[in-house]
Amino acid sequence: MATLSLYLDTRAAGKNHPLKIVIRNRSTSAMISLGIKLSPDEWDAKKCRVIKHPQKNLLNSRIRQRFNEIENAMNRLFVADSLVKAKEIKLRILNELYGLGNTDMFIDFFREQISTKRTKHTKETYEIVLRKIL
């Protein structure tokens, strides 16, 4: 059965780091960003709560709400299919919540847009954005 957990992704350098939900299944994992950035001293990993932040109550409420939305979507979509990898579960959840399931169509469209750009700098900028999306 797939599991969800919260993770402060401190792999990149910097003061603030993104808070993510990690989906684990079949020895695979995938992450969904919550759009919240915190410093390591503002996050209690054991209690999975924001601490020492001026808006800690609001942030904790938003985190619980998003976690519950994702957990409910996963429970609706993931019916005892233990062969599904975490990345597929993530795509199913995002499609259920936000209609973002057909990413291949978007990627193809974006690549087509890159090919129509004339200046080298614009093409490079679009390619950087595409790499970030992927």
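**Charged side chains, up close**

Guide: The count comes to five salt bridges, where a salt bridge is a side-chain nitrogen of Lys or Arg within 4 Å of a carboxyl oxygen of Asp or Glu. Before we look at some of them, bear in mind that this is a predicted model, in which local features need pLDDT of at least 70 and side-chain atom pairs count only at pLDDT 80 or more, while totals for chains, interfaces and linings use all residues. Residues are numbered from 1 along each chain as its sequence is written, and side-chain values use heavy atoms, with hydrogens and water left out.

Here's the setting. The protein chain has four helices and five strands, and from the N terminus on they run β-β-β-β-β-α-α-α-α. These elements are DSSP runs numbered from the N terminus: helices are H or I with at least four residues, strands are E with at least two. The C-alpha trace spans about 50 × 40 × 25 Å along its principal axes. Of the 134 residues in the chain, 30% are buried. Buried means under 20% relative accessible area, exposed means over 50%, and partly exposed is in between, with a 1.4 Å probe and protein chains only.

Now zoom in on D9 and K20. They form a salt bridge whose closest N and O atoms are 3.0 Å apart. D9 sits in the loop between strand 1 (3–8) and strand 2 (17–25), and K20 is in strand 2, so this pair ties together parts that are eleven residues apart in sequence. Both D9 and K20 are buried. R11 joins in as well: D9, R11 and K20 are linked in a network of salt bridges.

Next, head over to helix 1 (56–77). There E69 and R66 meet in a salt bridge, 3.5 Å from N to O. The two lie three residues apart in helix 1, about one turn of the helix.

Some charges gather in another way. K47, R49, K56 and R64 form a patch of positive charge on the surface. Patch members have over 30% relative accessible area and no salt bridge; like charges are joined within 9 Å, and nonpolar side chains (Val, Leu, Ile, Met, Phe, Trp, Tyr) within 5 Å. The areas come from the Shrake-Rupley method with a 1.4 Å probe, and for residues only the protein chains shown count as cover. R49 belongs to strand 5 (residues 49–50) and is partly exposed, with a relative accessible area of 35%. C48 isn't a glycine, yet its phi is positive, near 55°. Most residues other than glycine have a negative phi. C48 is partly exposed, at 31% relative accessible area.

R26 has a positive phi too, about 50°, although it is not a glycine. R26 is in the loop between strand 2 and strand 3 (28–38), and it counts as partly exposed at 43% relative accessibility. Leaving out residues up to four places away in sequence, K85 touches R26 and T28, a contact being heavy atoms within 4.5 Å. K85 and S27 are 58 residues apart in sequence, and their C-alpha atoms are 8.2 Å apart in space.

Finally, step back to the whole chain. It has 26 positive and 14 negative charges, whose mean positions are 5 Å apart. Lys and Arg count as positive and Asp and Glu as negative, without His and the chain ends, and each charge is placed at NZ of Lys, CZ of Arg, CG of Asp or CD of Glu.
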